[in-house]
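Biologist: I would like to learn how to read the features of this model. Could you take me through them?

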Amino acid sequence: MEEEKCLCQPSEILIFPCSGGSNVGQIANEAAVRLTQNGMGKMFCLAGVGGHVSGMIESTKAGKILVAIDGCSVACAKKTLEHAGFNIDEYVLVTNLGIEKNHDLIPPLPDVTKVANHLADRIAKRRGL
Ligand code: SF4
């Protein structure tokens, strides 16, 4: 039997980084930017979902795959989306990829690449690419 393939377009894949005030939060943010620039999905507004802004909620409902990137185990992006009633399809914690949390707000490029590549592989598998 042929494997079922996801036909989602990048615009239907919404990416929510926590964008927190730490290296790992900013790595999450930059990884979402990179994935968007590379056509793997579309970075979206976690703060709008957290604020229950109606347009943001409706746009998120229209997404076919929701991706959350949290910097650390406090898991703010995950909690924000779940609090608004959304299920997360792909999830990554930056600190689980061997990157330690600190308070440097300039995200090192190799760390951004590591997180972006990790998620790009997972999204591509989901899309059957
Ligand atoms: S998940 Fe961690 S890094 Fe991200 S906003 Fe929350 S506390 Fe900050």
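**Loops, strands and a ligand shell**

Modeller: Ser19 sits in the loop between E1 and H1. Helices (H or I, at least four residues) and strands (E, at least two) are DSSP runs, numbered from the N terminus. The model is predicted, so local features need pLDDT of at least 70 and side-chain atom pairs pLDDT 80 or more, while totals for chains, interfaces and linings use all residues. Residues are numbered from 1 along each chain as its sequence is written, and side-chain values use heavy atoms, with hydrogens and water left out.

Biologist: What is the phi of Ser19?

Modeller: Ser19 is not a glycine, yet its phi is positive, about 55°. His52 also has a positive phi of about 55° and is not a glycine. His52 belongs to the loop between helix H2 (46-50) and helix H3 (54-62).

Biologist: Is Ser19 buried, partly exposed or exposed?

Modeller: Buried means under 20% relative accessible area, exposed over 50%, and partly exposed in between (1.4 Å probe, protein chains only). Ser19 is partly exposed because its relative accessible area is 31%. His52, at 44% relative accessibility, therefore counts as partly exposed.

Biologist: Which strands make up the sheet, and in what order?

Modeller: Two strands pair if DSSP finds at least two bridges between them. Here four strands form an open sheet in the order E2-E1-E3-E4, with parallel pairing. Strand E2 (42-43) and E4 are the edge strands, each pairing on one side only.

Biologist: How many bridges join E1 to E3?

Modeller: Five bridges link E1 and E3, which run parallel. Among the residue pairs, Phe16 stands opposite Ala68 in E3, and Leu14 has Leu66 of E3 as its bridge partner. On the way from E1 to E2 the chain passes through H1, and this β-α-β crossover is right-handed. Right-handed says that, with the strands pointing away from the viewer, the path from the first strand over the helix to the second runs clockwise. E1 and E2 run parallel and are joined by two bridges; Ile15 has Met43 in E2 as its bridge partner.

Biologist: How many bridges join E3 to E4?

Modeller: Four bridges connect E3 with strand E4 (residues 90-93), and the two run parallel. Val67 has Glu90 in E4 as its bridge partner, and Ile69 stands opposite Val92 in E4. The chain goes from E3 through helix H4 (residues 76-83) to E4, again in a right-handed β-α-β crossover.

Biologist: Which residues lie on each face of E3, and are they buried or exposed?

Modeller: In a regular strand the side chains alternate between the two faces of the sheet. For E3, Ile65, Val67 and Ile69 lie on one side and Leu66, Ala68 and Asp70 on the other, and all are buried. Five of the five residues of E1 are buried.

Biologist: Which residues surround the ligand?

Modeller: The surrounding residues are Cys18, Gly20, Ser22, Asp70, Gly71, Cys72, Val74, Ala75, Cys76 and Lys101. Ala, Val, Leu, Ile, Met, Phe, Trp, Tyr, Cys and Pro count as nonpolar, Asp, Glu, Lys and Arg as charged, and the others, Gly among them, as polar. By that scheme the shell has five nonpolar, three polar and two charged residues.

Biologist: Where is Ser22 found, and which residues is Ser22 in contact with?

Modeller: Ser22 is in the loop between strand E1 (13-17) and helix H1 (23-37). Ser22 counts as buried because its relative accessibility is 6%. Contact means heavy atoms within 4.5 Å. Apart from neighbours within four places in sequence, Ser22 is in contact with Lys101, Asn102, His103, Asp104 and Leu105.

Note on methods:
Near = heavy atom within 4 Å.
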